[in-house]
Amino acid sequence: MNADPVQQALPRAASNPGRGRRVVKHFADFLRHVRRRWVLYLPIFAIWGLAYARLFIDATPRLPVLFNWTPSLPYRIAWLVHGPHPLRRGDFIVFSFDGEAKARYPGLRGQPFFKIVRGLPGDAVTVAGRHVAINGEEVGVAKLQAYDHSPLDPITPTVIPPGHYYVQGTSPDSFDSRYQDSGLVRAEQVVGVVVPLY
């Protein structure tokens, strides 16, 4: 017959009253250690603080230098020119994500995406099977599923409305306007244009 785990834990806690004091003492020792070596810990806490702010408070890039760790574009370092610009086909941009996928993946909301403008207002987006074309020129193939195996539907055929852009990465795995969950990018989502450096 199995005993209640709560009843088993109570005698153990009662027989170990100094455990709480030891935890407090270890924590106090750690704080003294951090205080003595604050120069080492300051960059770590700063990086974690910036990461927390970017994920939970404001994901908009504030510095002009961008680091791209994803395979969606071949560039790793780029210079961001903030503000509105007249966009042309082939421009590199950074925009705040606002696609349908944010309902399923809340962490995507407002995250900066680095892509290439492939379609402008007035361009016709067509889909044949999973092959996506702009003005009759194929720009990519939509994958069947995401990395987490959730299905990915290709973008709905449309004429790009005013103030919207079709954006895409160079990798076949890029999550971009090929997919309904990402969709077209509105002009107000664009953070700025990008000059690839390396």
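How many helices and strands does the protein have? I looked this up and found 3 helices and 11 strands; helices here are DSSP runs of H or I with at least four residues, and strands are runs of E with at least two, numbered from the N terminus.

A note to myself on the ground rules. The model is predicted, so I keep in mind that local features need pLDDT of at least 70 and side-chain atom pairs count only at pLDDT 80 or more, while totals for chains, interfaces and linings use all residues. Residues are numbered from 1 along each chain as its sequence is written, and side-chain values use heavy atoms, with hydrogens and water left out.

I found an open sheet of 7 strands in the order β1-β2-β11-β3-β4-β9-β10, with antiparallel pairing (two strands pair if DSSP finds at least two bridges between them). β1 (65-67) and β10 (185-186) stand at the edges with a single partner strand each, so one side of each has no neighbour in the sheet. I also checked β4 (residues 112-119) against β9 (residues 164-168): they pair in the antiparallel sense over 3 bridges. I116 has Q168 of β9 as its bridge partner.

Last, I asked myself: what percentage of the residues is buried? Buried residues make up 33% of the 198 residues, where buried means under 20% relative accessible area (1.4 Å probe, protein chains only).

I looked at contacts too (heavy atoms within 4.5 Å): of those with a separation of 6 or more, 62% join residues 24 or more positions apart.

Definitions and conventions. Buried means under 20% relative accessible area, exposed over 50%, partly exposed in between (1.4 Å probe, protein chains only).
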